[in-house]
Amino acid sequence: PMGAVMPSPCWDALSRAMTDGPDGPASAGVAHINQHGKDHFKGVLACSWTENKGRILRSTRNYQPGDVILVESPLHIVQEQEKCAAFRKVQSLCKEFGQDF
């Protein structure tokens, strides 16, 4: 219609940023990730939100080559069952790709 104002892409992005806040949408979990990092890893990394990339991690301090940044427990623990095909597959992957497992 004549005289109607069409929203611009810039305004849409600004509007989303103002609605989502600096941590992005609540569903991104940035605040939760940062609290977990503070509680378990002395805040050595900070999660933030960017419109183009989504969640990103950044260092909160400088590191030297060889420094350990963080250590976590394994995500999955597998019970050894030699008769289980899935367990045998995990064993073979560990042997073949030892650096990845």
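## Fold

From the N terminus on, the protein chain runs α-α-β-β-α. That comes to three helices and two strands. Helices (H or I, at least four residues) and strands (E, at least two) are DSSP runs, numbered from the N terminus.

The model is predicted: local features need pLDDT of at least 70, side-chain atom pairs count only at pLDDT 80 or more, and totals for chains, interfaces and linings use all residues. Residues are numbered from 1 along each chain as its sequence is written, and side-chain values use heavy atoms, with hydrogens and water left out.

## Burial and surface

Of the 101 residues of the protein chain, 13% count as buried. Buried means under 20% relative accessible area, exposed over 50%, and partly exposed in between (1.4 Å probe, protein chains only). The chain exposes about 8,900 Å², and carbon and sulfur atoms supply 57% of this area. Accessible areas come from the Shrake-Rupley method with a 1.4 Å probe; for residues, only the protein chains shown count as cover.

Contact means heavy atoms within 4.5 Å. Among contacts in the protein chain with a separation of 6 or more, 24% join residues 24 or more positions apart.

## Helix H2

Helix H2 covers residues 30-41, twelve residues. The expected span is 1.5 Å times one less than the number of residues.

Val 30, Asn 34, Gly 37 and Phe 41 are buried in H2. Seen down the axis of H2, the buried residues fall within an arc of 80 degrees, so they line one face of the helix. The arc is that of the directions from the helix axis to the C-beta atoms. These buried residues pack against strand S1 (45-50) and strand S2 (54-59). The face turned away from the buried side carries exposed His 32, Asp 39 and His 40. Lys 42 follows H2, and its phi is positive, near 55 degrees.

Pro 25 sits in the loop between helix H1 (9-20) and H2. Pro 25 is partly exposed, with a relative accessible area of 23%. Pro 25 and Trp 49 are 24 residues apart in sequence and 8.7 Å apart in space, C-alpha to C-alpha.

## Largest pocket

The largest pocket has a volume of about 160 Å³. H2 gives the most to its lining, with five residues. The lining residues include Asn 34, Gly 37, Phe 41, Leu 57 and Glu 72.

On a 1 Å grid over the protein atoms alone, a pocket is an open set of points where a 1.4 Å probe fits, with protein on both sides within 12 Å along at least five of seven lines; lining residues have an atom within 4 Å of a point. Grid points are joined across faces, edges and corners, and a volume is the space filled by probe spheres set on the points.
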